Amino acid sequence: MLKARLAQNLGPISGLAIVANAKGIFARQGLDISVSNFTSGKQCLDTVLGGGADIATTAEAPVTAAAMAQQPIAFVAGMEYSDLKTMTAASAGIKTKADLRGKRIAFTAGTGSEVYTSVLLKAAGLTSKDVTLVNLRPQEMLPAMAAGSIDAFDTWEPHVANAKKALGEGAIPLDTKGLYSETFNIVVTQSYLAANPAIVSKFLASLIEAEGWLKANPDDAIDVIAAATGMKRDELASIWPDYVYHVRLDDRILTTLKTHAAWRLETGNHPPGASMPDFTKVLVTAPLKALDPARVTLEARP
């Protein structure tokens, strides 16, 4: 058995890794995976960069931060993506993106929520000066809307579904589908990949097998992931279609990384002297391409 340490963000976004572990898929691939759970992908990637783990599950924000800091990371696969969303208070009368003008909008600084908010305002023909931005953690958004202190919030599931459940007709989602997808990915260091190609290959093969099982057995998958993450089964089931589980390297990933990096450059949220990273040096296609070439569909293949 080949041993490896996984730093995992314990949430439905890590569903494929959770399934691979719970259903014995890692073991069948000849892997002995020890899992450390964290509450953010940033903690996961920081743990890997600090030598405390070998493989990280992480979103694009920590990836762009590490790339701009010239950390030697290797992005070997995306495994999930989901659209970020906007929930509005019915009393605010927000029917279209343009109706956000003059409204109080909550976001979470330093996450995909902040980038999504920037993209949303641009799509609405607005700037940050046209609205009042309020920095809140996702779990603070529903109470703030219920109290009437914000008109809308930008975040990820399950916080949007929770607001709809709690506020009923008092909460109305704004149609922003396809505007910004947050990705969830597998990242290692370049040196780890060079020294342990078999482990990385078997890990990705495990995720592909887990994807097949999850899609063939959605009800069982919801049970497994809800139990692992401590969610109520019915709450995960209600938002299950929002999680798109697919092991791949595609242009959606590259676009998201570039959008996030561009936001960092525009806002100054980057290391001194940083420039747009060359993501062809960050995205490493060979391991996944060797397993299933159809899963690598980057136009400009790094």
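Me: Which residues of α9 are buried?
Reply: Heads-up, this is a predicted model, with residues numbered from 1 along each chain as its sequence is written. Local features need pLDDT of at least 70, side-chain atom pairs count only at pLDDT 80 or more, totals for chains, interfaces and linings use all residues, and side-chain values use heavy atoms, leaving out hydrogens and water. Buried means under 20% relative accessible area, exposed over 50% and partly exposed in between, with a 1.4 Å probe and protein chains only. By that cut-off, the buried set in α9 is I199, V200, F203, L204, A205, S206, L207, I208, A210, E211, W213 and L214.

Me: How far does helix α9 reach from its first C-alpha to its last?
Reply: Helix α9 covers residues 197-216, which is 20 residues.

Me: Which residues does S206 touch, not counting residues up to four places away in sequence?
Reply: S206 lies in helix α9, and it counts as buried because its relative accessibility is 0%. A contact here means heavy atoms within 4.5 Å. With that cut-off, S206 touches A20, I25, F26, Q29 and L31.

Me: How many helices and strands does the chain have?
Reply: These are DSSP runs numbered from the N terminus: H or I for helices, at least four residues, and E for strands, at least two. The tally for the chain is 13 helices and 11 strands.

Me: What is the radius of gyration of the chain?
Reply: It's taken over C-alpha atoms, and the globule rule is 2.2 Å times the number of residues to the power 0.38. For 302 residues the rule gives 19 Å, and the chain's value is close to that, so the chain is as compact as a globular protein of that length. The radius of gyration is 19 Å.

Me: What share of the contacts with a separation of 6 or more comes from residues 24 or more positions apart?
Reply: For context, the C-alpha trace spans about 60 × 45 × 35 Å along its principal axes, and buried residues make up 50% of the chain. Residues 24 or more positions apart account for a share of 78%.

Me: How far apart are the centres of the positive and negative side chains?
Reply: Lys and Arg count as positive, Asp and Glu as negative, while His and the chain ends are not counted. Each charge is placed at NZ of Lys, CZ of Arg, CG of Asp or CD of Glu. The chain has 29 positive and 30 negative side chains, and the two centres are separated by 2 Å.

Me: Is N269 buried, exposed or partly exposed?
Reply: N269 is found in the loop between α12 (251-267) and α13 (286-291). Beyond its neighbours within four places in sequence, N269 is in contact with W263 and R264. Its relative accessibility is 33%, so N269 counts as partly exposed.

Me: What is the phi of Q70?
Reply: Most residues other than glycine have a negative phi. Q70 sits in the loop between α4 (60-68) and β4 (73-83), and at 70% relative accessibility it counts as exposed. Although Q70 is not a glycine, its phi is positive, at about 60°.

Me: Is the peptide bond from E157 to P158 cis or trans?
Reply: P158 lies in the loop between β8 (152-155) and α7. Most peptide bonds are trans. With omega near 10°, the bond from E157 to P158 is cis.

Definitions and conventions. Expected span 1.5 Å × (residues − 1).
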